[in-house]
Amino acid sequence: MGRSFLIIMAIMGMFSAMAGGLRSSASSPPSFDHYAKKYGDSSAGSKSRPDDSTTGLDGNAVALDRSDDGHFYADVEINGTSVRMLVDTGASGVALSREAARSAGIATSIGMNDVIGEGADGAVHGEGVTIEHMRLGEASADGVNAVVLDAGGMSLLGQDFLKRFSSVEIRDNRMVLR
């Protein structure tokens, strides 16, 4: 029961983050980088600007700059592979896109027939997995429970990992995890 609640909360957090991204893009036409970031292409924008999303502060802190879409993203090391993740302090769990799971060497079934939650369009399919190792800045964890979503290109970083930080502070356009 607790695992189902965790999964549903992660899915709800992901859908609310995506909906927020849609609202923020309504005022001006979105760029290619906007779509590439939104749908999981971590190489977007890498040629035009340096990756400053995980600048370390005073040893254990990680600073994340707000993205053009209004959200915070972090490049999280999962099983030795960098995965671009939406930071969602309101989500309980960690959710990975199928592509992110594949690149991090996490095996999933072909069909992903398990219903792990309900969304606006009906049943959300995916699969529960265990991430061997995650790292962001100096914070790391082994054996993190997560879900891999059958559809969608965004990965979500929720409280199952964020709880390794003692504080989360947002000022202006910067989030600092300590």
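This report covers a strand pair, an aromatic pair and the surroundings of one arginine in a predicted model.

**Strands β6 and β7**

Strand β6 spans residues 114-119 and strand β7 spans residues 122-136. The two strands pair in the antiparallel sense, with five bridges between them. A hairpin of two residues connects β6 to β7. Within this pairing, valine 115 lies opposite histidine 125 of β7.

**Aromatic pair**

The structure contains one aromatic pair. Its members are phenylalanine 161 and phenylalanine 165, with 6.3 Å from centre to centre and 75 degrees between the planes. The arrangement is edge-to-face, because planes over 60 degrees apart fall in that class. Phenylalanine 161 is buried, at 0% relative accessibility. Phenylalanine 165 is also buried, with a relative accessible area of 8%.

**Arginine 98**

Arginine 98 belongs to helix α3, which covers residues 98-103. With 16% relative accessibility, arginine 98 counts as buried, since the class takes values under 20%. The side chain of arginine 98 makes a polar contact of 2.4 Å with the side chain of aspartate 150. Leaving out residues up to four places away in sequence, arginine 98 touches Thr108, Ser109, Ile110, Gly111 and Met112, as well as Val148, Leu149 and Asp150.

| Residue | Relative accessibility | Class |
|---|---|---|
| Phenylalanine 161 | 0% | buried |
| Phenylalanine 165 | 8% | buried |
| Arginine 98 | 16% | buried |

Conventions:
Residues numbered from 1 in each chain as written. Predicted model: local features only at pLDDT ≥ 70, side-chain atom pairs only at ≥ 80, totals over all residues. Heavy atoms only, no water. Pairing = 2+ DSSP bridges. Helix = DSSP H or I, 4+ residues; strand = E, 2+ residues; numbered from the N terminus. Phe/Tyr/Trp six-rings, centres within 6.5 Å; stacked < 30°, edge-to-face > 60°. Buried < 20%, exposed > 50% of the residue type's maximum accessible area, 1.4 Å probe, protein only. Polar contact = N/O pair within 3.5 Å; in protein donor to acceptor, adjacent residues only side chain to side chain. Contact = heavy atoms within 4.5 Å.
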